[in-house]
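These exercises go with the sequence and structure shown below. Try each task before reading its solution.

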Amino acid sequence: TGKKWSFIPKETTSPKFLVVNADEGEPGTIKDRYIIERDPHRLLEGIIIAAYATGCHKAYIYIRGEYAYPTRILQQAVEDAVQYGFLGKRIFNSTFDLDVVIHRGAGAYICGEESALLESLEGKKGFPRLRPPYPAVKGLFGCPTVINNVETLSFVPTILQKGGEWFAKLGYGK
């Protein structure tokens, strides 16, 4: 994830965006829904860290259109974060601003693919883009864009707290 974030150009006059893939269109998949419904603030914390690390000031959460209830939970979490100063202008009197927009998809399976998701977010049909250029250089609205999924961003705060070695020990084998 850190390597992926490093591909965002440091010296650019274009805005940079963070896009969260919460489309989760694969049959039987609900890992993102589970995180959003039970711990939306963990996701928002990961979004804030990722945006700060990459210099993004606007994040879009592209959520599956059928997820009406998770969308309401996430919207409330965003509103709470703004109210308590974690999102918005001059976060905790710093120079860092971050707005988070929740965008409901139209239910197309293909929009789970990151470049098709960008097309849909821009109001176009969700068809995959040819690469290069890659989203880190020319993504949303032609600007540098980081794209991560809900699970990845939700793990970021814990990895920072417990360290990479701890995280590397999770799972099986390599």
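**Exercise 1.** Where in the chain is the place of Phe92?

Solution. This is a predicted model, in which local features need pLDDT of at least 70, side-chain atom pairs count only at pLDDT 80 or more, and totals for chains, interfaces and linings use all residues. Residues are numbered from 1 along each chain as its sequence is written, and side-chain values use heavy atoms, with hydrogens and water left out. Phe92 sits in the loop between helix 4 and strand 3. Helices (H or I, at least four residues) and strands (E, at least two) are DSSP runs, numbered from the N terminus. Phi of Phe92 is near 45°, a positive value in a residue other than glycine. Phe92 counts as exposed because its relative accessibility is 53%; buried means under 20% relative accessible area, exposed over 50%, and partly exposed in between (1.4 Å probe, protein chains only).

**Exercise 2.** In what order do the strands of the open sheet lie, and which strands are at the edge?

Solution. The 4 strands follow the order 3-2-1-4, with parallel pairing. Strand 3 (99-104) and strand 4 (145-149) are the edge strands, each pairing on one side only. Two strands pair if DSSP finds at least two bridges between them. Strand 1 (residues 17-22) and strand 2 (residues 58-63) have 6 bridges. Val20 has Ile61 in strand 2 as its bridge partner.

**Exercise 3.** Why are the buried residues of helix 4 said to be on the same side?

Solution. First, list them: Pro70, Thr71, Ile73, Leu74, Ala77, Val78 and Ala81 are buried in helix 4. Next, take their arc: they cover only 160° around the axis, so they lie on the same side of helix 4. The arc is that of the directions from the helix axis to the C-beta atoms. An α-helix has 3.6 residues a turn, so residues three or four places apart point the same way. Then look at the face turned away from the buried side of helix 4: it carries the exposed residues Arg72 and Gln83. Finally, the cover over the buried residues of helix 4 includes helix 2 (31-38), helix 3 (40-54), strand 2 and strand 3, where contact means heavy atoms within 4.5 Å.

**Exercise 4.** Which residues does a cis peptide bond with omega of about -5° join?

Solution. That bond joins Arg131 and Pro132. A cis peptide bond also joins Pro132 and Pro133, with omega about 5°. Pro133 lies in the loop between helix 5 and strand 4.
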